[in-house]
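Reader: I would like to go through this model and ask what stands behind each label. Please set the values against the cut-offs.

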Amino acid sequence: MQNNIKELRKARGLRQEDFARLLGVSRQTVVAMENNKYDPTLALAMRVARLLEQPVESIFFLEE
C-alpha cells in the first residue's frame with residue numbers, strides 16, 4: 001500500500017515528531033508509514049485521516 005502522508009503532513013507544517021505525538025505513536029512509526037514500510041491498522045489510518053482532514057482513500061492507495 002502506498003500513501004502521501006509526508007506531503008500532506010508537510011503541507012500542514014507538522015514535523016514528524018509533532019505528527020507522531022498527535023497520533024499517539026512513535027516518530028519511527030511515522031517514518032515507516034511515510035516510507036511505505038509499515039501499513040497502519042485501520043484505527044491508525046482513520047486517526048491519520050482525521051488529523052490531516054482528508055478521506056482515508058485520498059491518503060492510502062493500493063499499488064497497481
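Author: Read along the sequence, the pattern is β-α-α-α-α-α-β, which gives five helices and two strands. Helices (H or I, at least four residues) and strands (E, at least two) are DSSP runs, numbered from the N terminus. This is a predicted model, in which local features need pLDDT of at least 70 and side-chain atom pairs count only at pLDDT 80 or more, while totals for chains, interfaces and linings use all residues. Residues are numbered from 1 along each chain as its sequence is written, and side-chain values use heavy atoms, with hydrogens and water left out.

Reader: What share of the residues is buried, and what makes a residue buried?

Author: Buried means under 20% relative accessible area, exposed over 50%, and partly exposed in between (1.4 Å probe, protein chains only). By that cut-off, 36% of the 64 residues are buried.

Reader: Which residues of helix 2 are buried, and what covers them?

Author: Gln16, Asp18, Phe19, Ala20 and Leu23 are buried in helix 2. Their cover includes helix 1, helix 3 and helix 4 (42-52). Just after helix 2 comes Gly24, with a positive phi of about 80°.

Reader: Which residues are buried in helix 3, and what covers them?

Author: The buried residues there are Thr29, Val30, Ala32, Met33 and Glu34. Strand 1, helix 1, helix 2 and helix 4 are included in what covers them.

Reader: What makes Arg9 and Glu34 a salt bridge?

Author: A salt bridge is a side-chain nitrogen of Lys or Arg within 4 Å of a carboxyl oxygen of Asp or Glu. The closest N and O atoms of Arg9 and Glu34 are 2.5 Å apart, so the pair meets the cut-off. The pair links distant parts of the chain: Arg9 is in helix 1 (residues 5-11) and Glu34 in helix 3 (residues 27-34), 25 residues apart. Both Arg9 and Glu34 are buried. A search of the whole structure finds five salt bridges.

Reader: How do you know that Arg15, Asp18 and Arg21 are linked in a network?

Author: Asp18 forms a salt bridge with Arg15, the closest N and O atoms being 3.1 Å apart. Asp18 also forms one with Arg21, at 3.9 Å between the closest N and O atoms. Both values are within 4 Å, so both pairs qualify, and the three residues are linked in a network of salt bridges. Arg21 and Asp18 are three residues apart in helix 2 (residues 16-23), so about one helical turn separates them.

Reader: Why is Arg21 called exposed?

Author: Its relative accessibility is 56%, so Arg21 counts as exposed. Arg50, whose place is in helix 4, has a relative accessible area of 64% and is therefore exposed. The C-alpha atoms of Arg50 and Val30 are separated by 15 Å, and the two residues are 20 apart along the chain.

Reader: Why is Gln2 called partly exposed, and what is in contact with it?

Author: Gln2 is found in strand 1 (residues 2-3). Contact means heavy atoms within 4.5 Å; leaving aside neighbours within four places in sequence, Gln2 is in contact with Asn36, Ile59, Phe60, Phe61 and Glu63. Gln2 and Glu34 are 8.7 Å apart in space, C-alpha to C-alpha, and 32 residues apart in sequence.

Reader: What is the phi of Asn36, and is this residue buried or partly exposed?

Author: Asn36 has a positive phi of about 55° although it is not a glycine. Its place is in the loop between helix 3 and helix 4. At 28% relative accessibility, Asn36 counts as partly exposed.

Reader: Where is Glu53, and what makes it exposed?

Author: Glu53 is in the loop between helix 4 and helix 5 (56-59). Its relative accessibility is 60%, so Glu53 counts as exposed. Glu53 is not a glycine, yet its phi is positive, about 55°.
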